[in-house]
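Dear colleague,

I am handing over the structure we talked about, and below it you will find my notes on what came out of the analysis. Please read them with the model open beside you.

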Amino acid sequence: MSHITKEAHGGSLLAQSARTKKRNAAETRFKAFGIAAIAVSLLMLFVLVTTIIGKGWGAYQQTFITLQVELLEKKLDKKGNRNLSDIKKVSTFGYAPLIKSAVTAKVEELGVETGLKSKQLVGLLSKGAAAQLRDFVINNPDRIGDTVEFRFLASSRVDGYLKGRVHRESIDNDKNISPAQLDLVDALVLAGVVEKTFNIDFIIGADASDQRPEAAGMGVAMLGSLSMMMVVLALSLPIGVGASIYLEEFAPKNWLTDIIEVNISNLAAVPSIVFGILGLAVFINYMHLPMSAPLVGGLVLTLMTLPTIIISTRAALSAVPSSIRDAALGIGASRMQAVFHHVLPLAAPGILTGTIIGLAQALGETAPLLLIGMVGFIASNAPDTIAEGLMSPNSAMPAQIYEWAKRADPAFYERAWGGIILLLLFLVTMNTVAVILRRRFERRW
Amino acid sequence: MTTFWLISCLILLSTAGFALGRHRALVSAGGQVRNLHSLPSYYGTNVALSISVPPLAVLSVWLLAQPLFIESHVAAMIPLEMIPENVNLSLVMSDVRRVSEGLDIAIYQGLMSAGEVEILDSEASDLRGRLGDLGIALGSDVRPEILDAARRYRTMSHDGRLMMTIVVGLFALVGFSRSYGQTDKDYRARNAVERGGMALLIVAASLAILTTIGIVYSMLFETINFFGLHNWRDFFFGTTWAPNFRGDSELSILPLLWGTLYISFIALLVAVPIGLFAAIYLSEYANTATRSFAKPLLEILAGIPTIVYGLFALLTIGPMLVRVFGRGDDGLLGVEWMTGATSVLTAGLVMGIMLIPFVSSLSDDIINAVPQSMRDGSLGLGATKSETVRQVVIPAALPGIVGAVLLAASRAIGETMIVVMGAGAIANFSGNPLESMTTITTRIVSQLTGDTDFASPETLVAFALGMALFVLTLGLNILALYIVRTYREQYD
Amino acid sequence: MNDMTLLERKVETQDIKIEARNVQVHYGNTHAIKDVNVKIEDKTVTAFIGPSGCGKSTFLRCMNRMNDTIQACKVSGNILLDGEDIYDKRVDPVQLRAKVGMVFQKPNPFPKSIYDNVAYGPKIHGLYNTKSELDEIVETALRRAAIWDEVKDRLNAPGTGLSGGQQQRLCIARAVATAPEVLLMDEPCSALDPIATAQVEELIDELRQGFSVVIVTHSMQQAARVSQRTAFFHLGNLVEFGETGHVFTNPQDARTESYITGRIG
């Protein structure tokens with residue numbers, strides 16, 4: 001008893017002993033580490049979100065140049081008989097002079113002094129301008145000979161200049177743009193010829209070649225993602241729910257069930273790239289399904305999403321109290337009826353929430369799509385039918401973003417960040433729906 | 001689209017079967033539902049299931065087995081000396097397939113008649129050119145052996161399809177007549193339907209096993225092929241990764257493994273302390289308001305797709321690190337240690353950020369599983385909160401936390417997009433975190449994208465790498481799940 | 001064990017160790033403790049009895065500020081330990097809890113060795129200078145908790161491996177090792193079988209030599225067996241407080257009488 005004495009903690013309670021002070025200092029330090037950890041995480045989130053919005057916002061605005069183009073008959077329809085097949089023979093090269101003269105005329109009309117050659121003047125426009133003109137003429141052959149007002153996409157450099165992405169200091173080594181051209185752009189902006197507007201084409205349009213970042217859009221890739229999600233939903237929901245019902249409600253406790261259970265929890269943690277290898281080997285090399293098809297992407301993502309859906313569905317099923325099953329069995333329902341008539345409807349909100357979260361995960365997944373070839377080409381046209389949408393090559397939103405990030409021209413980076421905004425918008429919407437479902441329908445037993 | 005039509009027909013037939021079965025049951029009971037053993041819809045469903053399920057099962061097995069059977073048969077027709085040096089049989093087979101496809105299209109478009117195809121002479125008719133016009137590009141002129149094989153392939157496929165349609169139709173017919181014949185007021189239709197339903201549920205559940213088998217199978221065969229073409233000693237014990245598409249590559253996993261582990265280590269160095277302290281703060285100190293504010297925000301960080309983190313690494317963190325550690329005198333430190341944006345540190349840092357919420361939510365669960373009585377005991381003795389956490393809660397939760405860290409490590413090792421975009425493509429054994437290095441996942445992507453020739457070791461090595469990755473992550477997962485499960489049982 | 005009949009038991013008056021004045025406790029909107037005044041004597045076992053939910057455990061937890069860990073709990077009034085208000089702003093609850101130890105309802109040994117369990121308190125409070133001093137503290141505490149003979153050969157075995165009764169005595173040893181002046185016990189025997197309960201009760205009676213012991217119990221028999229003074233709580237009120245013999249044989253309040261005779265509870 002020698003050391004355990006009344007005096008062990010001596011002194012008044014009202015005064016902190018030196019040791020207590022030291023211990024409290026340690027306490028404060030420890031707590032500060034915790035706060036710092038939270039602060040760092042939230043700061044990272046903040047930086048990430050502001051970076052995405054700050055850099056991606058530009059993709060939703062686009063610079064256009066308004067010009068009056070005279071559709072010269074002697075260039076476009078030499079025979080003058082408006083024969084469509086003759087008009088189609090004129091390639092985009094035939095249209096270039098028209099644009100050239102339209103730009104020159106505009107500059108002269110505004111009286112801007114510029115020492116630029118006409119080739120440099122045309123350089124302000126997107127390389128797709130001639131194609132735009134040609135499409136118009138082919139669709140409206142009767143307008144040949146008129147002077148028509150067109151809104152042409154400005155080149156990515158002009159666009160970047162107006163958005164602050166391209167600076168006069170940073171263009172020394174850029175052969176696509178010169179300071180003199182920027183002076184002209186300034187003058188054209190003042191004259192109202194060059195203007196920035198909302199860029200609907202980014203949301204609904206197709207990807208463009210790496211010469212024309214200003215024309216690249218997400219629309220077709222979004223359709224690709226949509227087709228994949230349809231496949232994922234159509235397959236993973238019934239299979240996932242079926243598997244969960246069996247494992248949760250009917251499966252006997254034996255080694256086979258154990259293997260299946262261990263298997264599912266391990267599959268949930270298998271790297272997604274491995275599912276890509278599986279898809280490449282089984283669906284493409286063995287079954288000879290077409291490369292780059294959303295159907296294959298959907299199948300691969302289904303296999304990847306299934307464990308997630310099974311795990312959340314089983315949680316939802318096991319949350320339904322057994323008294324519900326007993327009640328149904330007690331009035332003579334079969335076990336199958338008890339499950340399908342009573343347990344499943346009660347678990348539905350939970351199942352739906354899990355499915356939506358699984359779909360959101362699949363929507364953002366990129367790695368397996370790289371292996372089944374959903375990057376590296378330009379999906380230029382939207383598919384016409386559902387079957388074509390599933391079988392013809394397409395990209396997907398995250399794959400399209402990756403494709404843009406790989407390209408050499410930094411103007412595509414803006415597109416990539418912009419694409420991320422769109423992707424995150426989808427994910428936030430899906431997750432919000434999931435949270436609302438959970439809040440509204442969640443039952444506490 | 002014959003498969004599509006076959007399935008549509010089956011669906012149509014089952015719908016009709018449902019109506020017929022239901023009707024027959026009602027008639028047998030004299031229109032009185034109460035005289036039936038089961039509800040009328042069960043009789044209908046029984047007939048519908050008998051019509052659709054067995055034929056569909058036969059159909060899917062057939063579709064999987066037919067190409068295997070035909071290919072092995074046709075492959076035997078190709079003389080061995082036909083296969084040039086360095087060209088794999090599968091390459092020849094893909095030519096055969098393409099020619100046969102071309103012939104099909106030609107017949108479909110009316111360019112050739114079926115009889116014409118049979119007597120086609122590869123030398124006389126410019127087959128390559130004619131098929132080229134149809135959009136079937138061939139690498140070289142069609143040799144007679146290939147044409148023969150293609151013809152054989154074509155006829156076998158056609159016969160196979162015809163047989164498949166007949167067999168499937170027979171199954172549907174037998175299913176219908178059996179189930180329709182059984183339909184009677186005393187027949188236990190509900191039990192039959194429920195047995196069928198249960199079988200479907202079991203099939204759904206075993207798909208998980210099938211997926212695993214698929215994964216192992218798809219990688220195992222190509223891995224074996226790879227080791228047939230490449231020395232396994234070089235793969236496991238070599239020190240250089242230098243793929244060379246003219247052959248003679250050095251393909252060793254060790255430099256890639258080093259890059260993978262180095263990046264994962266840096267990621268864990270970031271994620272584990274931050275994630276763990278965040279979890280401790282949220283579960284032990286934060287009040288309800290802070291919790292309900294900070295937890296969802298952390299979960300947002302977890303829900304962001306990895307492509308976003310990859311872009312963040314490539315375009316934001318990488319250039320930022322270059323500004324600090326590179327650019328010589330223009331840089332912040334005035335040093336020239338880093339040249340490109342891709343480096344071990346870039347990928348590691350970003351991956352660390354990605355893993356923070358993963359570590360924190362797992363640790364949060366695990367810390368919360370430590371019973372409150374444990375904390376009360378310590379606080380009741382006059383310990384401060386931090387003493388309680390450090391000396392009682394963390395030691396008690398340690399196994400669980402180790403499990404969580406292992407799971408995070410497995411995530412880091414298998415992560416693809418961040419390293420593809422942020423780590424670089426150069427395989428080396430350096431310890432400098434500012435150098436770019438490459439990883440297993442990065443190499444899998446780059447060896448399997450672009451023009452892939454499935455006969456070269458440079459492509460096949462991706463499967464061996466995939467196998468290694470699978471085994472590595474699977475081992476970590478099983479270990480982690482085992483530890484976490486044992487830990488949870490301790491406090492249940 | 002005290003075999004004397006209740007009335008014969010001699011109760012000496014001791015110094016006042018803890019004094020509660022007008023203590024009120026609110027849990028959110030619930031008024032859990034209503035205006036309680038009580039004086040706890042040194043070297044005495046005081047029992048708090050009453051039906052479940054009467055506030056006896058809440059009040060016990062007020063005496064070493066364990067309620068601080070619960071956000072919704074608000075305490076007002078004064079609780080004085082040796083004349084000093086423990087709810088004073090200057091008081092560090094950590095220092096207070098070193099003086100007022102606590103033993104809980106469910107045995108809660110840490111997942112460490114038996115030795116480390118007992119040494120935990122002395123370590124955090126810095127009660128020793130050398131390893132041999134710590135060994136001595138641990139041995140003394142285990143002896144006082146009457147468990148030394150059972151565990152002396154396996155001090156490095158995990159504390160969680162002991163039986164329930166041994167675990168609870170280990171927890172008492174753990175509390176004793178910190179050298180508190182008051183020992184609070186929250187239904188220490190509710191999770192134990194009758195034999196273990198008897199051992200712990202015997203221990204409590206011995207602990208009275210060194211500490212002021214406050215014990216919350218469901219069981220009136222236990223209160224009668226181990227305590228010198230008894231407080232009866234009902235619906236948050238302190239209904240009656242006095243010598244155990246008087247409270248049990250001659251209750252002043254009708255509610256106490258109803259509870260003791262088994263009509264409420």
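A salt bridge is counted here when a side-chain nitrogen of Lys or Arg lies within 4 Å of a carboxyl oxygen of Asp or Glu. By that rule, the structure holds 34 salt bridges over all chains. Please keep in mind throughout that this is a predicted model, and that every value below is computed from it.

One of these salt bridges joins B:D364 to B:K295, with 2.6 Å between the closest N and O atoms. B:D364 belongs to helix 12 (residues 344–368) of chain B and B:K295 to helix 10 (residues 288–303) of chain B, so the pair ties together parts that are 69 residues apart in sequence.

Chain B

The secondary structure of chain B comprises 17 helices and two strands. Taken along the principal axes, the C-alpha atoms of chain B fill a box of roughly 85 × 75 × 40 Å. The domain assignment divides chain B into domain 1 (2–214) and domain 2 (241–491), and the centres of domain 1 of chain B and domain 2 of chain B, taken over C-alpha atoms, are separated by 45 Å.

Chain A

In chain A there are 19 helices and three strands. Its radius of gyration is 32 Å, whereas a compact globule of 445 residues would have one near 22 Å, and the C-alpha trace of chain A spans about 110 × 75 × 40 Å along its principal axes. For chain A the domain assignment gives domain 1 (16–56), domain 2 (61–198) and domain 3 (219–441).

How far apart are the centres of domain 1 of chain A and domain 3 of chain A, taken over C-alpha atoms? The separation is 36 Å, and the two domains do touch, with five residues of domain 1 of chain A in contact with six residues of domain 3 of chain A. About 460 Å² is buried between domain 1 of chain A and domain 3 of chain A, and carbon and sulfur atoms give 83% of that area. On the side of domain 1 of chain A, the residues that lose the most area to domain 3 of chain A are A:I52, A:K55 and A:G56, which together account for 86% of what that side buries. Between domain 1 of chain A and domain 3 of chain A the count is zero salt bridges, and the rule likewise finds zero residue pairs in polar contact there (both at pLDDT 80 or more). By class, the side of domain 1 of chain A that touches domain 3 of chain A has two nonpolar, two polar and one charged residues.

Chain A with chain B

Between these two chains, 71 residues of chain A are in contact with 79 residues of chain B, and chain A and chain B bury about 6500 Å² between them, with 79% of it on carbon and sulfur atoms. In chain A, the residues that lose the most area to chain B are A:F30, A:L48 and A:Y286, together 10% of what that side buries.

The count between chain A and chain B is one salt bridge: A:R23 pairs with B:E387, the closest N and O atoms being 2.8 Å apart. The rule also finds ten residue pairs in polar contact across the interface of chain A and chain B (both at pLDDT 80 or more). Helix 1 (residues 18–56) of chain A gives the most to the side of chain A that touches chain B, contributing 21 residues. That side of chain A consists of 53 nonpolar, 14 polar and four charged residues.

Chain A with chain C

Here 20 residues of chain A are in contact with 30 residues of chain C, and the two chains bury about 2200 Å² between them, 55% of it on carbon and sulfur atoms. The side of chain A that touches chain C divides into six nonpolar, eleven polar and three charged residues.

With best wishes

Methods:
Residues numbered from 1 in each chain as written. Chains lettered and ligands numbered in written order. Predicted model: local features only at pLDDT ≥ 70, side-chain atom pairs only at ≥ 80, totals over all residues. Heavy atoms only, no water. Contact = heavy atoms within 4.5 Å. Buried area = accessible area lost by both parts, 1.4 Å probe. Nonpolar A, V, L, I, M, F, W, Y, C, P; charged D, E, K, R; others polar. Domains from an automatic or database assignment. Helix = DSSP H or I, 4+ residues; strand = E, 2+ residues; numbered from the N terminus. Polar contact = N/O pair within 3.5 Å; in protein donor to acceptor, adjacent residues only side chain to side chain. Rg over C-alpha atoms; globule rule 2.2 N^0.38 Å.
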